[in-house]
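The sequence and structure are shown first.

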Amino acid sequence: MTEMTEHHEAIVIGAGVAGIYQIKRLLDMGMDATVLEAAGGLGGTWYNNRYPGARFDSESYTYGFTFSKEVLAEWDWKERYSPQPDNLEYLEFVADKFDLRQHMQFNCRVDSAHFDDEENIWHLVVNGSRRMSCRWLIMGVGLLSIPTMPRLDGVDDFKGDSFHTFSWPHEGYDLTGKKVGIIGTGATAIQVIGDIADKVGSLHVFQRRANWAAPLNNSKISKEEMAEIRSRYHQIFEVCNRTPGGFEHEPDRRGFYEVSREEREKLWNKLYKEPGFGIWLANFREIFMDEKANEELSEWIADRIRDRVKDKATAEKLIPRDHGFGVQRVPLETGYYEAYNRPNVHLVDLNEEKLVRVTENGLQTEAAAYDFDVIIYATGFDAITGAYDRIDIRGANGAVLRDKWETRITTYLGMFIEGFPNMIMPNGPQSGSASTNYPRGIEIGVSWVSDFLEYARANGHTRVEPAGDATERWTQHVEKMYSVMLMRKAKSWFTGYNSNVKGHEAGTIRYLVYNGGTPKYVSIVNQVVADGYAGLVFDGDPDGGAKAETEFTRRAAE
Ligand code: NAP
């Protein structure tokens, strides 16, 4: 260590939902810790994504932190699906309540993190030259924090204004009357389009693959309703804890084929009118695993699109043909389909006319040149591992994480990586977070990591890493979970698909998320603790690895 190195016992990278709770827990245990955040403020997703229409798809009152009774008592949600400004305000409220900002350093981009095998310490370089070090490196870098642009020529040639939705101007941007082109029809674009269609002069939507979407059915929450919700918080979070996705929507436990087609339609009609993910998550469980069941539901949803979009040809183009409903995370919409009934909104099908390039004036397809004042890139993210890849992370013996994960993602519990001692991921790849109501998964991860660090400190451990056999078993368990889900066939960020990122093309599944559901994940990680942190090797003692052959193996095989 040079004199210039700033040392902390723990460094947390990222001041989003995970980083905020993580620093709180580290400070509570009296640890010297700091958060490094690349952005200018805290909030992660809710700091960055300020595009029109950005809001929760989780019920607001299930999204908040549960660790503080005071926060639950003091914060009022104003809408069932709260918009971005309120969500950021909420996270700032939590951070200020516990005086956390003084432990956060903004505009600090971590360039590299190298593990020192002799000292069991991580050495970081921040913003090109600043040197820092820590015993424990905790990654709260976000799942969707690296936006990707299309690999198109001419992006810089455009003379008008253009933004990726992730980098929407913080001061806001007035689209009134403007000629707008938007690329993408993912969850983000679907929110933007529903919000701006009636404000812009014209809107051209460039769609490559159609995406299933369902109504959000948002509403205001009155003071009285909030009081009623508050009185049920305990019950609400109990439900979230027992559902696979950590939402308040519980699957319909009747068998899909045990009830008549009429009964199924009755359920779907009800769920389609209800708020949120009910039509996806309160549906029959077979829709996620059984092709025939999924096809029947998909056809029913397709008819709803046909009901809502007046132009028949446009409706057919908006119906996905390459995947079934719910095998990707379902975008929730407000007026998305109705937007296409407006004379100023036009769908451009990129299967009929491929995008060729960006020009000075707009977008050029094989068929036409489109002139715009503004281009919006709603083109998604280098999901889950993208933020790790952007840091030069080197573990024991100089192993490069980016290389290790190039062909196969391997982790232990989604929290540890073999060969990368003392690096911990409360919401990493293959952890319980990504496929859930995000903060519910984060609280589980952060609590587990915090308890683990208390244990490690109390026992004087200075080095921990997962054993190879435990890592392999966990990774195989994660991979096996995909094999039963139709999701494995989807070209989505859950399977590592993003045509803008070289090497993550369709057909090469990357096992990025844990699909076993929250209750199973919790039971496994708790069992690991009960077995004396089975699967982890402390201070190079291989006995820890041997302990991996325990209850966990049995549960993972179930
Ligand atoms: P996304 O789902 O990956 O969608 C990206 C879109 O851009 C896709 O339609 C994609 O088309 C298109 N695209 C990408 N590159 C293109 C190119 N070169 N040419 C033409 N089209 C291109 O990303 P997202 O919409 O930002 O959503 C990501 C995730 O964020 C969601 O799944 C969700 O979990 C989360 N999210 C949540 C909320 C919320 O309600 N809280 C809102 C927004 C997002 P292809 O499908 O053909 O690749």
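## A hairpin and its sheet

Strands β13 and β14 form a hairpin with three residues between them; strands here are DSSP runs of E of at least two residues, and helices are runs of H or I of at least four residues, both numbered from the N terminus. The model is a predicted one, in which local features need pLDDT of at least 70 and side-chain atom pairs count only at pLDDT 80 or more, while totals for chains, interfaces and linings use all residues. Residues are numbered from 1 along each chain as its sequence is written, and side-chain values use heavy atoms, with hydrogens and water left out.

Together the three strands make an open antiparallel sheet in the order β13-β14-β15. Because β13 (355-358) and β15 (369-371) stand at the edges with a single partner strand each, one side of each is left without a neighbour in the sheet. The twist averages 20° from one strand to the next, with axes taken as lines fitted to C-alpha atoms (for helices over the stretch in contact) and angles running from 0 to 180 degrees between N-to-C directions.

## A parallel sheet of five strands

A further open sheet consists of five strands with parallel pairing, in the order β7-β16-β8-β9-β12. Its edges are β7 (161-164) and β12 (345-349), each with a single partner strand, so one side of each is left without a neighbour in the sheet. From one strand to the next, the twist in this sheet averages 15°.

Histidine 164 has tyrosine 377 of β16 as its bridge partner.

## Pocket and cavity

The second largest pocket has a volume of about 570 Å³. On a 1 Å grid over the protein atoms alone, a pocket is an open set of points with protein on both sides within 12 Å along at least five of seven lines, whereas a cavity is a set of points where a 1.4 Å probe fits but cannot get out; lining residues have an atom within 4 Å of a point. Grid points are joined across faces, edges and corners, and a volume is the space filled by probe spheres set on the points.

The lining of this pocket comprises 27 residues, with Pro244, Gly245, Phe288, Met485 and Asn515 lying nearest its centre. These lining residues divide into 13 nonpolar, 10 polar and four charged, a scheme in which Ala, Val, Leu, Ile, Met, Phe, Trp, Tyr, Cys and Pro count as nonpolar, Asp, Glu, Lys and Arg as charged, and the others, Gly among them, as polar.

There are three cavities of 30 Å³ or more. The second largest cavity holds about 40 Å³ of space, and its lining residues include Trp75, Trp77 and Tyr233. That lining divides into eight nonpolar residues, one polar and no charged.

## Salt bridges

The whole structure contains 43 salt bridges, each defined as a side-chain nitrogen of Lys or Arg within 4 Å of a carboxyl oxygen of Asp or Glu. In one of them, the side chains of lysine 223 and aspartate 76 meet at 3.0 Å, N to O. Lysine 223 lies in helix α7 (residues 223-231) and aspartate 76 in the loop between α4 (69-74) and α5 (84-97), so the pair ties together parts that are 147 residues apart in sequence.

Conventions: Pairing = 2+ DSSP bridges.
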